[in-house]
Amino acid sequence: MDERKIKDLLLRELDLPILEELSVCNGRVRADLVAITSQLHCYEIKSERDNLSRLMKQGFQYNRFFHYVTLVCAEQHAEAALNIIPDWWGLSTVDCESTNEQRAPTKNPAVDPIALAEIFSRAELETLLKSHNFENRLT
């Protein structure tokens with residue numbers, strides 16, 4: 001299953017406000033999907049065609065920004081991924097019809113509040129707030 005199909009599957013399963021391809025660290029790293037509730041939950045996707053070579057670098061950056069992170073990967077990557085990702089990350093495998101949670105995420109113990117405050121530009125924040133009917137809270 002390719003990345004786009006995995007994203008579409010996750011979007012149907014999550015049914016939450018989602019940002020796709022969110023750039024962090026001045027564009028050096030891009031989170032595949034980020035669910036936005038009272039906290040940010042990043043979903044990093046590794047399809048059958050991907051490898052895990054960038055996962056450690058991506059993870060180091062995600063650990064600064066996101067309250068929760070779940071790696072959603074092809075079954076072939078699951079065992080190796082468990083040796084790379086932090087204990088608090090979740091892990092789900094994907095088949096052609098659904099995701100299968102292998103390990104639930106727990107809350108990130110070390111979100112950097114300064115990094116978190118800088119993740120969105122003012123224009124992005126305004127757009128996001130307006131799209132969820134919070135425009136009366138903008139000052």
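Predicted model: local features only at pLDDT ≥ 70, side-chain atom pairs only at ≥ 80, totals over all residues.
**Stop 1**

Start by colouring the strands. Six of them form an open sheet in the order E1-E2-E3-E4-E5-E6, and the pairing is mixed. Go to the edges next: E1 and strand E6 (99-103) each have a single partner strand, so one side of each is left without a neighbour in the sheet. On average, neighbouring strands are turned by 35° against each other, direction ignored.

Now select E1 together with strand E2 (residues 29-36). Their pairing is antiparallel and runs over six bridges. For one of these positions, pick Leu-19: its bridge partner in E2 is Val-34.

**Stop 2: the helices on the sheet**

Show H1 as a cartoon over the strands. H1 lies across E1, E2, strand E3 (40-46), strand E4 (68-74), strand E5 (90-94) and E6. Its direction is at about 125° to E1.

Is Gln-61 buried or exposed? Its relative accessibility is 11%, so Gln-61 counts as buried. Display what surrounds its side. Apart from neighbours within four places in sequence, Gln-61 is in contact with Cys-25 and Val-29.

**Stop 3: salt bridges**

The structure holds six salt bridges.

The side chains of Glu-3 and Lys-7 meet at 3.4 Å, N to O. Both residues lie in helix H1 (residues 3-14), four residues apart, which is about one turn of the helix. Glu-3 is partly exposed, with a relative accessible area of 25%. Lys-7 has 6% and is buried.

Now move to the other partner of Lys-7. Glu-21 forms a salt bridge with Lys-7, and the closest N and O atoms are 2.3 Å apart. This pair links distant parts of the chain: Glu-21 is in strand E1 (residues 18-24), Lys-7 is in helix H1, and 14 residues separate them. At a relative accessible area of 30%, Glu-21 is partly exposed.

**Stop 4: the aromatic rings**

Finish with the rings. Which residues do ring pairs link into a cluster? Select Tyr-62, Phe-65, Phe-66, Trp-88 and Trp-89. The structure holds four aromatic pairs.

Zoom in on Tyr-62 and Phe-66. They form an edge-to-face pair, 5.6 Å centre to centre with 65° between the planes. Both of these residues are buried. Colour the two by accessibility to end the tour. Phe-65 is buried at a relative accessible area of 4%, and Phe-66 counts as buried at 0% relative accessibility.

Methods
Residues numbered from 1 in each chain as written. Heavy atoms only, no water. Phe/Tyr/Trp six-rings, centres within 6.5 Å; stacked < 30°, edge-to-face > 60°. Buried < 20%, exposed > 50% of the residue type's maximum accessible area, 1.4 Å probe, protein only. Contact = heavy atoms within 4.5 Å. Salt bridge = Lys/Arg side-chain N within 4 Å of Asp/Glu carboxyl O. Helix = DSSP H or I, 4+ residues; strand = E, 2+ residues; numbered from the N terminus. Pairing = 2+ DSSP bridges. Axes fitted to C-alpha atoms, helices over the stretch in contact; angles between N-to-C directions.
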